[in-house]
Amino acid sequence: MAGWRFGLRRMALLAAWFAAVVADPEKAEVPPAKRSLVQSMTASNWTLVMEGEWMLKFYAPWCPSCQQTDSEWETFARNGDILHVSVGKVDVIQEPGLSGRFFVTTLPAFFHAKDGIFRRYRGPGIFEDLQNYIVEKKWQSVEPLTGWKSPASLTMSGMAGLFSISGKIWHLHNYFTVTLGIPAWCSYVLFVVATLIFGLLMGLVLVIISECFYVPRNSSDHSEQNEKAEDAHKAERLQDAEEEKDDSNEEENKDSLVDEEEDKEDLGDDEDLEEDEEDDNLAAGGDEERSGTNEQEPPREDPIAAEERGPEKPEGGAPEQHSSAYTEVAGDSLRQRKSQHADEGP
C-alpha cells in the first residue's frame with residue numbers, strides 16, 4: 001500500500017515538472033553548477049581556436065580512456081577563467097572532418113592552441129598536469145605543428161574532406177544495415193558499384209575539361225609542327241637549288257673543258273696542216289733544187305770513154321752543199337714547232 005502511494009507521488013512530481021517545462025522552458029534548465037563548461041567544437045565553429053589560448057580534447061563516446069578523463073576535463077574547464085584558457089572537446093564520431101584536420105590517430109588526444117599555433121599535448125589528462133602545462137607555459141618547449149602539418153593548412157583541409165566523406169559513408173552503411181536491415185554484403189556491393197560509377201563520371205568530367213582547356217595548346221603544337229615542316233621544306237628547296245647550281249656549274253665546267261680541248265685539237269690540227277704544208281713546200285723546194293741540179297749536170301758520156309778519161313773532180317760543189325744546208329734548217333724548224341706544240345698540248 002505504501003509503495004503504491006510512493007508511485008503516485010512520483011508520477012505527480014513528473015507531471016508537475018512536465019507542466020512546468022511546457023509552460024516556461026527557461027525555468028526547467030539545468031542549474032549552472034551542473035552545466036558543462038566545455039565547449040563542443042564542430043566543423044562550423046572550429047575556427048574559434050585560431051584566436052586566444054585553447055585546450056582541445058578529441059574523444060569518442062565508446063572510448064573507456066576518454067570516459068576516465070571526463071571529470072578531470074570538466075574541472076579544468078571550470079578553472080578556465082582563472083587560467084585564461086578556453087576548453088573545448090571534439091566528438092570524432094560526429095565530427096570526422098576535424099579528426100582528419102588534426103590527424104588524430106589515438107584517443108583521447110589533446111591539443112594546445114595559442115593564436116593559431118597548434119601543439120600536441122602528450123601528458124596525462126589530469127587537472128594538476130593540465131594546470132601546470134598552462135601556468136608554467138610548458139607548451140613553449142613543444143615543437144609546433146607548422147607547414148603542411150598545421151590544421152589550418154591546405155593539406156590538412158584536404159585530409160578533413162576525406163575524413164568527412166569516410167564518416168558519411170560509415171553513417172550510410174549503418175543506416176543500410178541497422179535501420180533498413182540490409183545485409184552487410186549487400187551494402188558493400190552497393191558501395192562498390194557506386195564507386196565504379198563515380199569513377200567513370202569523374203573520368204568523363206576530366207576528359208571534357210582537358211578537351212576544353214587544352215585545345216589552344218594543341219593548336220599551337222600543330223602550328224609549330226606546320227612551321228617546322230615548312231622550314232624543313234624550304235631547307236630542302238634551298239638544298240635542291242644549291243645542288244642544281246652545283247650540277248649546272250659542273251656541266252658548264254665540263255662544257256668549257258670540252259670546248260677548250262676542242263679548241264686545242266683544232267689548233268693542233270691547224271698546226272699539223274701548217275706543218276704538212278711546210279713539209280710539202282720543203283719537199284717541193286727540194287724537188288726543184290734537184291731538178292735544177294739535174295739540169296746543170298752535163299750529159300753522160302760513154303762509160304768506156306769515161307774510164308779511159310779517168311776520174312774527174314767536179315768543179316765547184318756549191319749546189320750540193322747549199323741543198324744539204326737548206327734541208328737541215330727545215331728539219332730544225334720542224335723540230336722546234338713540234339716541241340712547242342707538245343708544250344702547249346697539256
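Colleague: When do two strands pair, and in which sense do strand 2 and strand 3 pair in this predicted model?

Modeller: Two strands pair if DSSP finds at least two bridges between them. In this predicted model, strand 2 (residues 53-59) is joined to strand 3 (residues 86-91) over 6 bridges. The sense of this pairing is parallel.

Colleague: Which residue of strand 3 is the bridge partner of Met55?

Modeller: Met55 belongs to strand 2, where Glu53, Lys57 and Tyr59 point the same way. Its bridge partner in strand 3 is Val87.

Colleague: Which residue of strand 4 is the bridge partner of Glu53?

Modeller: Strand 2 and strand 4 (residues 109-114) run antiparallel and are joined by 6 bridges. Within strand 4, the bridge partner of Glu53 is Lys114.

Colleague: How many residues of strand 2 are buried?

Modeller: Glu53, Met55, Lys57 and Tyr59 point one way, Trp54, Leu56 and Phe58 point the other way, and all are buried. Strand 2 is thus mostly covered, and its buried residues number 7 of 7.

Colleague: Is helix 3 parallel or oblique to helix 6?

Modeller: Helix 3 (residues 70-78) and helix 6 (residues 127-135) pack at an angle of about 40°, their axes lying 9 Å apart. Because of that angle, the relation of helix 3 to helix 6 is oblique.

Colleague: How many residues in the contact of helix 3 with helix 6 are nonpolar?

Modeller: From helix 3, Glu72, Trp73, Thr75 and Phe76 meet Phe127, Leu130, Gln131 and Ile134 of helix 6. Of the residues in this contact, 1 is charged, 2 are polar and the nonpolar ones number 5.

Terms used. Residues are numbered from 1 along each chain as its sequence is written. This is a predicted model: local features need pLDDT of at least 70, side-chain atom pairs count only at pLDDT 80 or more; totals for chains, interfaces and linings use all residues. Side-chain values use heavy atoms; hydrogens and water are left out. Axes are lines fitted to C-alpha atoms, for helices over the stretch in contact, and angles run from 0 to 180 degrees between N-to-C directions. Helices (H or I, at least four residues) and strands (E, at least two) are DSSP runs, numbered from the N terminus. Angles under 35 degrees count as roughly parallel, over 145 as roughly antiparallel, 65 to 115 as roughly perpendicular and the rest as oblique. Contact means heavy atoms within 4.5 Å. Ala, Val, Leu, Ile, Met, Phe, Trp, Tyr, Cys and Pro count as nonpolar, Asp, Glu, Lys and Arg as charged, and the others, Gly among them, as polar. Buried means under 20% relative accessible area, exposed over 50%, partly exposed in between (1.4 Å probe, protein chains only).
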